[in-house]
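I opened this notebook to record what I looked up in the structure, entry by entry.

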Amino acid sequence: MAQGFQPTTKPQPTVTPKLEEPKFGFNEYAERLNGRAAMIGFALTLLIEYVTGQGVLSWLGLN
């Protein structure tokens, strides 16, 4: 460290800006909707495996 050098600190903001909720992208509503769709899909996958007695890949003809 150089002799006499002192780091400067920037002033911190005192007010948090009120930002508008984004209409696209990673917002709370989109993430909640994606999570619910994933849970429904997983439950349907388990239901298909239980009813048909075979895995989803076999049911789709991929195995």
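I looked up glycine 55 and found it partly exposed, at a relative accessible area of 27%; buried means under 20% relative accessible area, exposed over 50%, and partly exposed in between, with a 1.4 Å probe and protein chains only. Glycine 55 sits in the loop between helix 1 and helix 2 (56–59). Its C-alpha lies 8.6 Å from that of threonine 45, and the two residues are 10 apart in sequence.

I noted the basis of these values: the model is predicted, local features need pLDDT of at least 70, side-chain atom pairs count only at pLDDT 80 or more, and totals for chains, interfaces and linings use all residues. Residues are numbered from 1 along each chain as its sequence is written, and side-chain values use heavy atoms, with hydrogens and water left out.

I then turned to secondary structure. The protein has two helices and zero strands, where helices (H or I, at least four residues) and strands (E, at least two) are DSSP runs numbered from the N terminus. Helix 1 has 25 residues and reaches 36 Å from its first C-alpha to its last, close to the 36 Å expected at 1.5 Å a residue; the expected span is 1.5 Å times one less than the number of residues. Just after helix 1, glycine 53 adopts a positive phi of about 80°.

Next I searched for salt bridges, defined as a side-chain nitrogen of Lys or Arg within 4 Å of a carboxyl oxygen of Asp or Glu. The count is one. Glutamate 28 and arginine 32 form a salt bridge at 2.7 Å, N to O. Both residues lie in helix 1, four residues apart, about one turn of the helix. An α-helix has 3.6 residues a turn, so residues three or four places apart point the same way. Glutamate 28 is exposed at 56% relative accessible area, and arginine 32 is partly exposed at 38%.

I also examined the surface. Ile40, Leu44, Leu47, Tyr50 and Val51 make a nonpolar patch of about 590 Å². Patches consist of residues with over 30% relative accessible area and no salt bridge, like charges being joined within 9 Å and nonpolar side chains (Val, Leu, Ile, Met, Phe, Trp, Tyr) within 5 Å. Tyrosine 50 belongs to helix 1 (residues 28–52) and counts as exposed because its relative accessibility is 71%.

Last, I recorded the overall form. Of the 63 residues, 2% count as buried. The C-alpha atoms fill a box of roughly 75 × 35 × 15 Å along the principal axes.

Key: Areas by Shrake-Rupley, 256 points an atom, 1.4 Å probe, with all protein chains shown as cover.
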